[in-house]
2 protein chains.
Amino acid sequence: MESFVCTFCAKSYGVDPLQTFCPTCHEPLLYTDSREKKKFHLSYEHSLQIFSDFLPLSSVNIDLSLGEGNTPLIRLRNVEKKSKLPPIFAKNETVNPTHSFKDRGTAVAIQKARSFGFKRIGTVSTGNMAASTAAYGSRAGLKTFVLVKEETASEKLIAAGIYNPVLIKVQGDYGELFRTSILLGKENNIHFMNSVDPFRIEGYKATGFEIFLQFNQVIPDFILTPASSGGHLIGIMRAFRDLKQHGFIKKYPYFVGVQAEGCSPIASAFKRKKVNVQRIRKAKTIAQAISNPDPPAGNLLLRMIRNMGGTILSVPDEKILEAQRLLAELEGIFVQPASATTLAGLLAFKEQKNLKNDSTVVLILTGSGLKASSTLSLSNMNILHSSLFDLPKIIKSV
Amino acid sequence: MESFVCTFCAKSYGVDPLQTFCPTCHEPLLYTDSREKKKFHLSYEHSLQIFSDFLPLSSVNIDLSLGEGNTPLIRLRNVEKKSKLPPIFAKNETVNPTHSFKDRGTAVAIQKARSFGFKRIGTVSTGNMAASTAAYGSRAGLKTFVLVKEETASEKLIAAGIYNPVLIKVQGDYGELFRTSILLGKENNIHFMNSVDPFRIEGYKATGFEIFLQFNQVIPDFILTPASSGGHLIGIMRAFRDLKQHGFIKKYPYFVGVQAEGCSPIASAFKRKKVNVQRIRKAKTIAQAISNPDPPAGNLLLRMIRNMGGTILSVPDEKILEAQRLLAELEGIFVQPASATTLAGLLAFKEQKNLKNDSTVVLILTGSGLKASSTLSLSNMNILHSSLFDLPKIIKSV
């Protein structure tokens, strides 16, 4: 038995890809099923197959996959040393097929779209999800509607447009566009797999399972994830909930959602001990990938963090840029500003929190820096100029 | 026993990271060792550890790795159907840590640089290798010299500059810069791990081994790889040579190197049955990542292709761009033009060659399209504009 549930109303509904939100309280619905014996199928190569018992998939059509997942977990010893931190590991989601974590969610949602017989899918996105949905839509042969804000940067339009979706720049409020898309999906039979689509959220669970396996079935003490709509962190938390429910673990990691100060509605509700997130008027941060002023799963995330243990905090842009530089210069990892919030968050809260010397910390690095290179300027980089003739002199002088 | 050998002079030298070329005939040296029992260590997670027996590594320092390799091999059924082709598989190297195949070579070379005690490394590059070497250099804590052409595009400078290497734009001939770098390396004790560095070439073997394993220890019939300096394809061919030598396979795949017509010195030497590649005056192609007019391993590649079986061909820019679009629009894979040469090459030679219905073909997709997005224009993309109010009408009309 599978269903969509609203954890706020404690109500259960039939599974319907066009029904992302509870008809009663308008909070996001979550997928659930009653399968009992769940295990990892480790002999498989594809992530969707390895974790199929825990995903809303009775079978996997591998032709719809782009080989997402199986991303590396690497230790950041140089950052640890420089910033006097306990063992930190980066879960590098930038090496997914369209270079962000979104592919894990899209990969599951596209399986469902095809099995439900949809001919058309869509998404509302500021960047990463546009490219991901357009890519998987192409591979599945589905007409794909990508709705973006009027002011979307051209590097992001190219990264989605290359797949030739129906790409529409829409003038108007982003939150309203999000809600409109769900209505238009119902009217036109288009599966809008937006940030809090229940299947998409299930897809993010694979990241949690992989971390658990990469740590040899031990849980890390802290997991830091950028937070925007809330869907990604909710998915990762649900992985650990599954692991506990099925007897793999006894306790949870401490979950940390990190927002950019210029767009931190969830962090500020958490701080003020509210149960409802207040939308902010206008996002103002360099971390564009997490600049959702009206997070649709904000209330749900607040509730889950309070139930399972964790916090939501925010970091200013200058700390984000500093963390981005640290990751690149010390560890050779080039992430987008949104992903660097995790390290910035760790540096911010290491003083307050009980970070023991042997605590293990995981940072989820969500998207490649190449996707936000317009936020960087060559003028901040140290570039020398030389003729071939002068090169020996210059190299000796460095 | 390990050594560097020149296959042209049939001479053997001691292993010296500063000695990339044969002192007698100036052809590239190759690494070899006399270990006999070689096997795959499949219980490991990291590619370097899995294939260590076949790599110039007696031990692996995993702290220097960025989790390169283990890339997906995915079937391209939509392209097969559209272009009436036998089974094609893409080996997607764009999901490496710096989003190109170069990471596999850098990962091995950096291990050697550290074990030889170098404090400084370097590279001469038009793009992909600059970012890769700078990233691994940062992680290893080595001062990294990145020499690029004066006219290098700013997106490429940012992708390397973010790691804070010593980045020098050099005016003058690229071939001469390449040769100068080797001399400067010797004078200043800098390990220049350029395109045909013997350790780098060994690193590329891992791609060949992974393909063999992903095909369940059967070899594909054709492997198509973009060719520039020659190092990448040589590395992949050496993997299959190792597999034959150690009894895993009996015959070779047919190897196809693909160049861009505007820079095809190796293809043109192959066509004219020459043994020496003639440098061309000036490269003129959109496939910048394979625009080396004076390929240092050109002669070696010609010889290996003739010995092991295969061809080198060239494709025009318009076919490259068409193939890039096909891969994105039909399969959801966004590659840089250099990588799209493989599909363009396959489409060009499918008529002439013995492509049976059950032949299996592998395309090596070398680098992400995000790294060459300046070659794409928004004006070629179909972007609609709408207000929130008009959106329902526009969506209905599509």
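This is a predicted model: local features need pLDDT of at least 70, side-chain atom pairs count only at pLDDT 80 or more; totals for chains, interfaces and linings use all residues.

User: Let's begin with helix packing. At what angle do the axes of helix α8 and helix α10 of chain B cross?

Analyst: Helix α8 (residues 231–245) of chain B and helix α10 (residues 298–308) of chain B cross at roughly 35 degrees, and their axes come within 10 Å. The crossing of α8(B) and α10(B) is left-handed. From α8(B), Leu233(B), Ile234(B) and Met237(B) take part; they meet Leu300(B), Leu301(B), Met304(B) and Met308(B) of α10(B).

User: How are α3(B) and α4(B) oriented to each other, and which handedness does the crossing have?

Analyst: Helix α3 (residues 102–115) of chain B packs against helix α4 (residues 128–140) of chain B at about 40 degrees, with the axes 9 Å apart. The two helices, α3(B) and α4(B), are therefore oblique to each other. This time α3(B) passes α4(B) in a right-handed crossing. Among the residues in contact are Thr106(B), Ala107(B) and Ile110(B) on α3(B), with Ser132(B), Thr133(B) and Tyr136(B) among those on α4(B).

User: Now for sheets. What is the strand order in the open sheet of 3 strands in chain A?

Analyst: The general idea first: strands of a sheet pair through backbone hydrogen bonds, either parallel or antiparallel. Here the order is β2-β1-β3 in chain A, and the pairing is antiparallel. The edges are β2 (11–13) and β3 (30–33) of chain A, each of which pairs on one side only. From one strand to the next, the twist averages 40 degrees. Strand β1 (residues 2–6) of chain A is joined to β3(A) by 4 bridges, and Val5(A) has Leu30(A) as its bridge partner in β3(A). Helix α7 (residues 198–214) of chain A lies across β1 and β3 of chain A, at about 70 degrees to β3(A).

User: Which strands make up the open sheet of 5 strands, and in what order?

Analyst: Watch the chain letters in this one. The order is β14(A)-β8(B)-β7(B)-β6(B)-β9(B), with parallel pairing. Its edge strands are β14 (383–387) of chain A and β9 (190–192) of chain B. Neighbouring strands are turned by 25 degrees against each other on average, ignoring direction.

User: What rotation superposes chain A on chain B?

Analyst: Two copies of a chain are related by a rotation about an axis and a shift along it. In this model the rotation is 180 degrees, the shift along its axis is 0.0 Å and the RMSD is 0.0 Å. That is the relation of a two-fold axis. The same surface serves both copies, as 100% of the contact residues of chain A recur in chain B. To find the axis, go to Val95(A): of the residues of chain A, its C-alpha comes closest, at 2.3 Å.

User: Finally, what ipTM and pTM does the predictor give the complex?

Analyst: The ipTM is 0.96 and the pTM is 0.97. For chain A, the mean pLDDT is 95, and 100% of its residues reach 70 or more.

Technical notes. Residues are numbered from 1 along each chain as its sequence is written. Chains are lettered from A and ligands numbered from 1 in the order in which they are written. Two strands pair if DSSP finds at least two bridges between them. Axes are lines fitted to C-alpha atoms, for helices over the stretch in contact, and angles run from 0 to 180 degrees between N-to-C directions. Two residues are in contact if their C-beta atoms, placed from the backbone, lie within 7 Å. pLDDT is the predictor's confidence in each residue, from 0 to 100. Copies are superposed by least squares on the C-alpha atoms of residues with pLDDT of at least 70 in both. Angles under 35 degrees count as roughly parallel, over 145 as roughly antiparallel, 65 to 115 as roughly perpendicular and the rest as oblique. A crossing is left-handed if the near helix is turned anticlockwise from the far one by less than a right angle, and right-handed if clockwise.
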